[in-house]
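Student: I would like to learn how to read strand pairing and ring contacts in a model. Can we work through one together?

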Amino acid sequence: MEMETKTVVLYPGVGVGHLSPMLELSRGIHHHGGGAVAVAVVLVEYPFGDPGFAAAVARARSTHTSVSFHVLPTPPPSPPASAPSSGDAEDDHPMVGLLRYLRATNAPLRDLLRSLSRPAHALALVLDMFCAHALDVAAELAIPAYFLSATGAAALAVFLAVPGLRAPAGAAFRDLGDDAVLPFAGVPPLEVSQLPPGLADDGALCQASLRLAARVPDARGILVNTFEALEPRAVQALRDGLCVHDRPTPPIYCIGPLVSPGAAAAAAGEDDAHECLRWMDAQPDRSVVFLCFGSMGAFPKHQLAEIAAGLESSGHRFLWVVRSPRGGGGGGASPVMDPADDPLEELLPAGFMERTKDRGLAVKSWAPQAEVLRHRAAGAFVTHCGWNSTLEGVTAGLPMLCWPLYAEQGLNKVFLVEEMRLGVEIVSRRSRAAGDGEDGSGEVVTAEEVEKKVRWVMGDSGGARELRERAAAARDKATEALADGGPSQAAFVEFIKDLEAASNDV
């Protein structure tokens, strides 16, 4: 009799921030599955154009040779959702189009899963939250489905609780006032202004988000990229069923931190290492401030000038990853791809690179972040608070300066600063010079704020020393979580057991 083979199909949606934890999940499945579980990753190309998609797929294939990769064919255009429209520009928000696109991929996903399913071959599906509507495909094919949360437990607790809080309120949270405090279980008090815009108002993005959140409890289980010691209150609230309204919460598996091992550059050899790592090798221990804002974090030139002036005035060593401004030159960052690729000399103030060459380095677009953060010379991390970056900062034991840009990053900032106490906020202010909006107003982080926070985090005050001590303790807890017998390893074993039970139930 032919022995049954099991394949776990990972469906990360789009974006490097969602693919990376799925790829790390594949390592854990191979390790804990003892070679009896195969892994396939299903990818979809970004519908609004991503010139780096092919390269990202090629890198993933080269570094995860035991994983099979499948790129779904582009589905035909789908009509707009039938949900009531708010009649404003929110209806055309790129995320609304992206979610509609992902729902349209259900048909080619169904075809792929049918091709992978054959006699004596069991399947399970792990979905990104953005792909929640693929639960319909899993149900049709009788495939057990799980979610992997690309956010931490606290952000997940907020997301799952929003539909239940919205129902009795009977109105958008923003109608309550920006300073209204919302009672989410397991997290610090949150004001409406701290929510992602897509959850605070009543536009098309909010309605789409509510529909996604309502689907998550339909899964067999939820994998969370965190470890219990980092977010104990939020994890407990999820497990106690305090976040989902009027329905049971699926089992919660805290299997993180799922972060890149960061060994690619070292394995390649010194001659092939990125220039910034060679530069870091020449710097003193814990002396460099690393600034990086994720794969989509880009600023307009006036904000780049403020950062440059602040770094120059701080007197501290720095490594800064600079991306070209998005089209339109607005403030902050946007999740919309933009192929602009201006030279560094045209992005930064005249003479800046020459004046700071003895203690600073600016690199264009990308740096091997995991390797940089774990380098002995790294002393602090200026981050956009994306969850992958947050966990990389935690596992490196670095204090963080928090500069959120979009999506749930503002929530992560609150949790980092107020709950975990591993970061300090970089504060922006209103400025007409920011040129964001029709009246010319917008948010800007001044050079003085950059200088002040860099000097503080790299200084020797009691507060800075305590922050560094807490960061080192969190790093040690992360190591313990992933060690043999640690809570994250134990959760992974429980997940693998449930996969076995799920295949027997089908």
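Student: How many bridges join strand 1 to strand 2?
Tutor: Two strands pair if DSSP finds at least two bridges between them. Here 5 bridges join strand 1 to strand 2 (residues 37–43), and the two run parallel. Val9 stands opposite Ala40 in strand 2. Helices (H or I, at least four residues) and strands (E, at least two) are DSSP runs, numbered from the N terminus. This is a predicted model: local features need pLDDT of at least 70, side-chain atom pairs count only at pLDDT 80 or more, and totals for chains, interfaces and linings use all residues. Residues are numbered from 1 along each chain as its sequence is written, and side-chain values use heavy atoms, with hydrogens and water left out.

Student: Why is strand 1 largely enclosed?
Tutor: Buried means under 20% relative accessible area, exposed over 50%, partly exposed in between (1.4 Å probe, protein chains only). In strand 1 (residues 5–11), 6 of the 7 residues are buried, so the rest of the structure largely encloses it.

Student: How is a pair of aromatic rings described?
Tutor: By the distance of the centres and the angle of the planes. Rings of Phe, Tyr and Trp (its six-membered ring) pair if their centres lie within 6.5 Å; planes under 30 degrees apart count as stacked, over 60 as edge-to-face and the rest as tilted. The structure holds 9 aromatic pairs. Phe293 and Trp403 have ring centres 5.3 Å apart and planes at 80 degrees, so this pair is edge-to-face. Phe293 is buried at 3% relative accessible area, and Trp403 is buried at 7%.

Student: Which aromatic pair is stacked?
Tutor: Phe318 and Phe352 form one, 5.8 Å centre to centre with 25 degrees between the planes.
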